[in-house]
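Subject: Structure for you to look at

Hello,

I am passing on a structure that you have not seen before. Please open it alongside the notes below.

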Amino acid sequence: MASREFESTIKTDLAGRLTYSDYLKLDLLLSAQAPLSRPVHHDEMLFIVQHQTSELWMKLVIHELRAAIACVRADHLEPCFKILSRVKQIQAQLFNQWAVLETLTPTEYAQFRAVLGPASGFQSHQYRTIEFLLGNKDANALRVFTHQKELHAALSADLLAPSLYDEFLRHLSRRGMAVPASCVERDWSKPHQESAALVAVFKGIYEHPEGHWDAYEMCEKLVDVDQQFSLWRFRHMKTVERIIGFKTGTGGSSGVPFLRRAIEVRLFPELWDVRTEIRDLPAPG
């Protein structure tokens, strides 16, 4: 069997020094998996790790989206390209994670599902934060957090603040583009209302990218994020259908029908609509 030499320079005397485990708080992290089934069902560990890992990735998405919003507010679009490219890759990880949970059979899940009680992914405050930062606003979603005052206050602040898309539209307005006034100042707690006039703004950007390279690139980065979000929602729905069929969700939702409706949500609708409006160039000759 091939082996590699243990190099003499590798640090082994770590007493009193910062270690890999210390830096990552692994004692805390790896002790956070506490199955409730009795006797403990083998597959409950998969279910817990799957969702905890998703929450860690979502924490990073929130961190990046807040940075992107700050950049757009400061009229610096270029840093957003790297930020949103990273968000897209995180979204791909979240999408691919469903493949692991899909190894959970209906019979296996049925043996410990009851221990969840009313617990549901619908109660993920980080998921809700991401939706609010991306503009999918719904004040009713706050109702499940009324018993957690700090979380409720934080989510309320994000509900009342402009989303990433809102800030991008305001940025375009500051550049003199004909963004409707209703997109520049409005009740930010409400979802964005689709605007034909805004489609015309994006049509100008797409048909003349040489004069708007940063805005042009920002549009495509936003479409990346929106598309990845739809793909994630679709796979979530299909994973749920695969495991529990059309049972109601543990949190009280209708389950698959509820998740299916979410797939049709478009975070940045005009960036999709503009594709129909872009003129085809005439054939040469």
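The buried residues of helix H4 are Cys80, Phe81, Ile83, Leu84, Val87, Ile90, Gln91, Leu94, Gln97, Trp98 and Leu101. Buried means under 20% relative accessible area, exposed over 50% and partly exposed in between, with a 1.4 Å probe and protein chains only. Helices (H or I, at least four residues) are DSSP runs, numbered from the N terminus.

This is a predicted model, in which local features need pLDDT of at least 70 and side-chain atom pairs count only at pLDDT 80 or more, while totals for chains, interfaces and linings use all residues. Residues are numbered from 1 along each chain as its sequence is written, and side-chain values use heavy atoms, leaving out hydrogens and water.

The buried residues of H4 pack against H3, H8 and H10; contact here means heavy atoms within 4.5 Å.

Not counting residues up to four places away in sequence, Met218 touches Val72, Leu77, Cys80, Phe81, Leu84, Leu164 and Phe168.

Thr239 is buried, at a relative accessible area of 1%. Leaving aside neighbours within four places in sequence, Thr239 is in contact with Trp98, Leu101 and Glu102.

Regards

Methods
Helix = DSSP H or I, 4+ residues; strand = E, 2+ residues; numbered from the N terminus.
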